[in-house]
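Thanks for coming. Please have a look at the structure on the screen before I start.

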Amino acid sequence: MEMFLLALAIVVVTVLFFRGIKIFNYIDHVAGIMEMIPGPTPYPFVGNLFQFGLRPDEYPKKILQYCRKYEFQGFRSLVFFQYHVMLSDPAEIQNMLSSSSLLYKEHLYSFLRPWLGDGLLTSSGARWLKHQKLYLPAFDSQAIEGYMQVVNKTGRKFVNKLQEYAENGDIFDVQDVVRKCTLDIVCENATGVPSNSLDNQPSKMHAAIADLCDVIQERTFSIVKRFDTLFYLTPYYSKQRKALRSLKTEINQIVEERRTQMKSADKGLSNEKNAAELKPFVNVLLNAKLDGRELKFREIFEEISTFIFTGHDPTAAALSFTLYTLSRHPVIQQKVYDEQRKVFAGKDGEEFKNATAKREDLHKMDYMELVLRETLRLYPAVPLIARTNRKSIEINDTKIAKRTTVIMCLLAMGYNEKYFENPCEFRPERFATMPATDEKNKGIEAFKSVPFSAGPRKCIAEKFAMFELKSLLSAVVRNFEILPPKDGLSAGINDHSRKDCVPESEYDPILNIRITLRSENGILVRLKKRN
């Protein structure tokens, strides 16, 4: 028996020894490739973790400063044993996003998977291609028309909520009320069940979503919680499990109710008069087929969760920062208001303020779209996009080792003087023309600003998202003058890619990255009712 155990021990040690040599040689090989790319010197074990900051408000400044240090060309970083390459030049990003083979999302998206599973945002390869087809009926013309009914209804509640702040002349953080508005919209469009977060009536679903988002944000910037084994020992793991259990219960109930309603409708027994107005996303999933079969509840849950997650925070961030830029640029805000007067010509007073923006009206809001795109240049709602290459690739004749996480920093793109003259000047008109003339630059021109991503994995809901933003912004601008928290404040656009950058005011946003872009100190504004 002793001889057997001795022999077994020798075999195990031998296997581990050669396995260790193989791993060491692989790490040494990868390091040899990656060290050819410029980047900050990593520390042992933790790599460049501390150089990029451990707080959400430190990280944006650090990556912007490194992007400028390396002249907005790709640079290498190391976090623990995972290599990253940060890109911020449109020419490099064009190659990445246009590729039909670089579709994999790993590592940075791992914190989303306990909730979103293999939904459209987090899935890759063949699975992603199949799931993408599920979404096509969800964003056709008829479906968008139904979603806009919810946007317009919730937009009226949103304006009523803002009236309270306008009447008192309060300085308030617009991020909070905007997030409640977009949460109500996306939850109803996803499930068909009215949502009342704006009325301060949060449901169990709202609470679960908030808890799950909190866990994701916490893990992103925690040394301990980013490792699954250690995360399982923290209270946040229990919080995640409880929230997932609650959300699954709520969505399961909604799914079964919708399934019953749809069967009744097929038999002509439904009394839903507004069924044609809103076709919630859950209906699309219940009608969908995947490999010739109906979707399992797990798949339905993951796609509804993805729909809510991607339609909530990014839209709220885009609208919040647009309200901020308009508050600091009264001349541009007046141009947006004048356009509204033209779009709703013939309507005055309360009729003008309360008019519902139809799709043909939204198509006419050209200047507003320029304002939105200029805001997203400076404050992209999703500031970072990541891909993982499953085989070695080359970027600008530089070899990138396989299994490298390539991060595209959309936040830094907008501050590159090579592509944007006077980047800290808020000038919506810069998006009105395409100055490039030759075919090569025309391609790059389309990638100078990609707030909805681009290429094969471009946001499938971009059209609806722009409609939603325009509709809500139109309602706000027609009813209120958006003012800074204090008279006489500057434009408040700070180029944090420069180390000597000092915000001019305490009210200027301190950017943080918690999956989406937010302001750590709030987006503070005042509102004044229009006559």
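Predicted model: local features only at pLDDT ≥ 70, side-chain atom pairs only at ≥ 80, totals over all residues.

Residues are numbered from 1 along each chain as its sequence is written, and side-chain values use heavy atoms, with hydrogens and water left out.

Confidence first. pLDDT is the predictor's confidence in each residue, from 0 to 100. Its mean for the protein is 87, and 89% of the residues reach 70 or more. Residues 22-26 have pLDDT below 50, with 2 contacts beyond near neighbours in sequence; a contact means heavy atoms within 4.5 Å. Residues 434-441 are also below 50, with 6 such contacts.

Now the sheet. Strands (E, at least two residues) and helices (H or I, at least four) are DSSP runs, numbered from the N terminus, and two strands pair if DSSP finds at least two bridges between them. The sheet is open, with 3 strands in the order E3-E13-E10 and antiparallel pairing. E3 (172-173) and E10 (480-483) are its edge strands, each pairing on one side only. E10 pairs with E13 (residues 524-529) over 4 bridges, and phenylalanine 480 has lysine 529 in E13 as its bridge partner.

Last, phenylalanine 227. This residue sits in the loop between helix H8 (204-220) and helix H9 (228-231).
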